[in-house]
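Thanks for having me this morning.

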Amino acid sequence: MKVSSAHKSGEPLAAFLRARRDRVRPEHHRLAPGPQRQVPGLRRDEVAFLAGISTDYYVRLEQGRERRPSPAVVKGLGRALLLDAAAERYLRELSATEAAGDGEAGYAPGMEADRLDAVHQLLDSMTVPALLVNRWLDIVDSNALGDLLHEGLEPRDNYARMVFLAPGAQEFFTDWPELARCMVAALRAQAGSEAGSARLAQLLPELLAHSEVFKATWGEHHLYEKAIDHKQFQHPRAGSLALDQHVLELPGSEGHRIWAFHPADDATSKALLRLTTLRPLRRAG
């Protein structure tokens, strides 16, 4: 299955602009809404006016005929579309990718072997569940507790695949609807400048084909980046777990991050300790 045209060269930028324009109302900029508006959000000419560019140029951006807005134009579009810091950074990355002619990029380089080995040792030294995740949410490595934390869920090679495709995921992740929205937005935000990569082209068709929730949410172009979050799991053997998730950036690692899950209460600490004494469940396959 081919990836949709929304992910061809030029289209990630155009699709993002269209989606975000629909979410901004005229009154957000103190513009008169007018009696006969035909669009839910701003008109193209209004975005152009607010961004300080010509309407024709903005139309070309939305149609994918212009793919290399300057930093000043990106800044203006950020103001016009009311983008937060994460969304404006994402827009800059999309623009930089197109300017570099990188729309058909392959896999980004992985972490070097010696760095990967050092991170593996770091994970093993941690006393809480921890995963090493790349920009496409592939689970590159984990410590023993990180593996035990998600036992019973398959597939377990990619966090998005696990959330959307694993049988039992909606029971395991207590607040699955909210997690699902965050997972889609995190994948879009973290893919960033690799929006045209071969890995994303491989991952997206599967998720779009097999999850209606993913398909609907991916089209909303939300972005999600958080350094700390709270998670509730219903583990098959440990029971209810309350965890604070910490996202640790690894500079110079091509977008890899460590996800560490710290127990949020004494009951969770004791449950995780009990879990380490049990024989691991046998993984499928």
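Predicted model: local features only at pLDDT ≥ 70, side-chain atom pairs only at ≥ 80, totals over all residues.

I will begin with V133, whose bridge partner in strand β5 is R257; strands here are DSSP runs of E with at least two residues, helices are runs of H or I with at least four, and both are numbered from the N terminus. Residues are numbered from 1 along each chain as its sequence is written, and side-chain values use heavy atoms, with hydrogens and water left out.

V133 also has a bridge partner in β2, namely I139. Strand β1, residues 130-133, pairs with β5, residues 257-263, in the antiparallel sense over four bridges, and β1 also runs antiparallel to β2, residues 139-142, joined by three bridges; two strands count as paired if DSSP finds at least two bridges between them. In the hairpin of β1 and β2, five residues lie between the strands, and L137 takes a positive phi near 70 degrees.

Which way do the residues of β1 point? A130 and L132 point one way, L131 and V133 the other, and all are buried, meaning under 20% relative accessible area with a 1.4 Å probe and protein chains only. In a regular strand the side chains alternate between the two faces of the sheet.

Finally, leaving aside neighbours within four places in sequence, Y159 is in contact (heavy atoms within 4.5 Å) with several residues, including L131, L137, I139 and W259.

How values were computed. Buried < 20%, exposed > 50% of the residue type's maximum accessible area, 1.4 Å probe, protein only.
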